[in-house]
Amino acid sequence: MKRILLEILLVLGLAGAGYYAWNQRTLAQTAATQIQEATGQAESAQEKLKTAEESLGKEQERVKELQPKAQQFDAVKGALAGGQVLSDLEKLYAREKNLSSERMLGLGVIRLMTKGTEDAQSLETLQKTLQLVDWDKQRNIICATQNALAAAGQDVKVLAECNTPKPLRPETEGKGAAAEKKEEHKSAHAGHAWSYAGETGPEHWGKEFPNCAKGKTQAPLNITGPMAKTRYLLAPDYKVGDLTLVNNGHTLQVMGTPGSKLRVDSKPYDLVQFHFHRPSEEQFDGKAFPMNIHFVHKNDAGEIVVIGVMVKEGNENPGIRTLWTHAPTKEGPEVSPERVKFNPGNLLPRERDYYTYQGSLTTPPCTEPIRFFILKTPINMSREQIAQFPFKHNARPVQPLNGRVIESN
Ligand SMILES: [Zn+2]
């Protein structure tokens with residue numbers, strides 16, 4: 001419970017709902033005015049989050065420093081309990097025609113704080129607000145809010161990159177909590193800590209994500225002989241379902257439709273998502289295709305299997321036309337266009353011959369091991385469709401084999 005309080009405290013400070021506003025414990029009306037002012041200053045509030053996060057992440061001494069804030073938080077809770085602040089704030093904001101997203105967010109947080117997460121309207125408002133805010137500027141706010149909601153046991157779908165904390169579990173004092181906070185602090189920055197070029201490009205991923213530099217079975221690979229023979233039976237069985245996709249700033253990612261499975265020697269894996277790279281990450285005798293798709297599957301034990309499909313330039317691809325029509329060209333939240341059905345199976349070639357090897361996630365944290373099946377037969381996309389893909393270059397360079405032998409069926 002303490003952790004939820006701290007999380008919400010973060011959001012509170014961050015969204016500018018301002019614990020200091022209540023510190024003085026002035027009249028509710030004054031508090032409401034101060035909130036209004038504070039919520040206009042989301043930029044500086046972001047700084048506050050950083051500072052608060054950092055103090056949370058460090059040693060217990062630092063955590064102690066947060067104690068007064070936690071007490072202020074209690075004061076805040078007290079002030080909110082009667083609902084007076086909320087109603088004052090609602091009245092105040094009702095007079096304004098165009099409420100800024102920061103203020104709406106602040107209001108959402110106050111509602112959440114007053115009515116709790118059981119109140120459907122608070123959640124709805126908050127979630128609507130999350131969709132409205134300027135995405136690039138407000139990433140930290142959104143992530144913190146999302147995490148607070150998730151920590152409170154709510155099912156929130158906002159942005160895949162906000163690493164949602166693990167489900168709430170009974171928590172003990174002291175070290176455990178501090179260590180956990182540290183871990184979260186790390187992952188909270190995973191969102192924009194890496195890219196495909198420059199100072200956060202692939203050659204620097206290892207600094208923050210050790211697997212990427214130290215792993216011995218990293219992917220992608222340059223697929224070349226000598227090869228060994230293998231006989232895995234590969235049986236993808238994808239189903240038509242509602243289309244849900246996201247531009248996560250690194251790629252376009254489409255969620256797996258319910259019931260879509262891959263069987264490898266009759267062992268089932270669920271299709272979690274598929275996404276695109278340009279140019280293809282896998283190379284063949286040193287040559288890349290214009291693009292590739294990675295279909296990512298997972299079983300209950302958490303084992304991951306990826307099917308790679310190469311894309312060559314050719315006829316227009318009707319399946320891709322559907323995706324591109326609805327794909328956000330800029331980074332943002334998941335979208336689920338109404339009444340659009342899609343079958344991921346439409347993006348698989350008819351021939352299922354493959355190369356296979358043990359690899360890794362090709363994006364941080366570069367987790368190993370992951371079994372790759374790279375299909376030998378490419379699919380077509382038109383030149384225009386390739387050009388329309390919103391990422392010009394999002395491919396990790398090929399990785400050392402380190403003694404691995406690529407197999408082929
Ligand atoms: Zn990929």
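Ile223 stands opposite Phe284 in strand E9. The structure is a predicted model; local features require pLDDT of at least 70, side-chain atom pairs count only at pLDDT 80 or more, and totals for chains, interfaces and linings use all residues. Residues are numbered from 1 along each chain as its sequence is written.

Strand E1 and strand E9 (residues 283–284) pair in the parallel sense over two bridges. Two strands are taken to pair if DSSP finds at least two bridges between them. The open sheet has three strands in the order E1-E9-E10, and its pairing is mixed. Its edge strands are E1 (222–223) and E10 (287–288), each of which pairs on one side only. In general, strands of a sheet pair through backbone hydrogen bonds, either parallel or antiparallel.

Overall, the protein has 15 helices and 17 strands. Helices (H or I, at least four residues) and strands (E, at least two) are DSSP runs, numbered from the N terminus. Of its 409 residues, 37% count as buried. A residue is buried if 20 or more other C-beta atoms lie within 10 Å of its own, exposed if 12 or fewer, and partly exposed in between, with C-beta atoms placed from the backbone. Among contacts with a separation of 6 or more, 68% link residues 24 or more positions apart. Contact means that the C-beta atoms of two residues, placed from the backbone, lie within 7 Å.

The loop between strand E8 (267–277) and E9 holds Arg278. Arg278 is buried, because 21 other C-beta atoms lie within 10 Å. Its contacts beyond four places in sequence are Pro290, Met291, Phe389, Phe391, Lys392, His393, Asn394 and Ala395. Arg278 and Lys392 are 114 residues apart along the chain, yet their C-alpha atoms are separated by 6.5 Å.

Helix H7 spans residues 84–94, and its buried residues are Val85, Asp88 and Leu89. These lie on the same side of H7, because they cover an arc of only 95° around the axis. The arc is that of the directions from the helix axis to the C-beta atoms. Lys91 and Ala94, on the other side of H7, are exposed.

Confidence was also examined. The mean pLDDT (the predictor's confidence in each residue, from 0 to 100) is 77, and 60% of residues reach 70 or more. Over residues 14–28 the pLDDT is below 50, and the stretch has 54 contacts beyond near neighbours in sequence. Residues 164–191 also stay under 50, with 34 contacts beyond four places in sequence. Where pLDDT is low, the predicted coordinates should not be read in detail.
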